[in-house]
Amino acid sequence: MYDTADYSYILPTHRLTVYIMGILLGYCLRYVGRNYPLKSGHLKLGWIVAIGFFYEAFIHPSKMGDIDYVYNASDAANYAAFAPIYWCIFFSWIIFVSYTGNGGVVSSLFSWKGFIVCTRLSYTFYLTQFPVFFYNVGSHRSALEYSFGLIVNIKEILAIIMVSVALTLAVEMPFNNIRTSFVKKSRRETESPTAAAAVGGDTESRRNR
């Protein structure tokens, strides 16, 4: 089980597929641009396919959580291998139609400004959840009685949120600001010679006149 978790969550090579799909989506969005009209038939077909992938990624594997389910290696392998891809395709479609102005109600829902907070914390939340989970599991030296609190552990969730906020404010945001400053500086240095050359050329043309 631990080897499966290591391969699924830690090694970048085992998540390379969805990374590449994200890069391709970004290229596609840059190529088509905003306000890219889609025909009604294409839009319906896209939603049908996207919902099909959602079913395969979320609803179909839910049988593995049934109390009477008998472990099947093929089900586990298919879920680990294909569920991330199905999720990626589903959300890629939502991002595509929202960016191109074809999202409708779904686009308005996912454009809620309250999600900005979740966006800011998402990366650090992803990094901190597993250390907190593993610490809580490793700190227990006896069997626990099953309860709803084991599924939704409020203390655990609050700990993850607090650590995520601290990392975002103390590490991620400052480094993002530093990176932005360097990018802006390099752009100014690149644009300055070009602007100077343009001004010089304009001055020379006026003299020739």
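Reply: Leaving aside neighbours within four places in sequence, Met21 is in contact with Ile85, Cys88 and Ile89, contact meaning heavy atoms within 4.5 Å. Met21 and Ile89 are 68 residues apart along the chain, yet their C-alpha atoms are separated by 8.2 Å. Met21 belongs to helix H2 (residues 16-32); helices (H or I, at least four residues) and strands (E, at least two) are DSSP runs, numbered from the N terminus.

The model is a predicted one, in which local features need pLDDT of at least 70 and side-chain atom pairs count only at pLDDT 80 or more, while totals for chains, interfaces and linings use all residues. Residues are numbered from 1 along each chain as its sequence is written, and side-chain values use heavy atoms, with hydrogens and water left out.

The protein chain has eight helices and zero strands, so that its elements run α-α-α-α-α-α-α-α from the N terminus on. Of the contacts with a separation of 6 or more, 77% involve residues 24 or more positions apart. Buried residues (under 20% relative accessible area, against over 50% for exposed and in between for partly exposed, with a 1.4 Å probe and protein chains only) make up 14% of the 209 residues.

The buried residues of H3 are Leu43, Gly46, Ala50 and Ala57. They lie on the same side of H3 because they cover an arc of only 65 degrees around the axis, as given by the directions from the helix axis to the C-beta atoms. Helix H4 (73-99) is included in what covers these buried residues. On the other side of H3, Lys44, Leu45 and Ile48 are exposed.

Elsewhere, the second largest pocket is lined by 11 residues, of which Phe133, Asn136, Val137, His140 and Glu156 lie nearest its centre. A pocket here is an open set of points on a 1 Å grid over the protein atoms alone, with protein on both sides within 12 Å along at least five of seven lines, and lining residues have an atom within 4 Å of a point. Helix H6 (residues 115-139) gives the most to this lining, with four residues.

Notes:
On a 1 Å grid over the protein atoms alone, a cavity is a set of points where a 1.4 Å probe fits but cannot get out, and a pocket is an open set with protein on both sides within 12 Å along at least five of seven lines; lining residues have an atom within 4 Å of a point.
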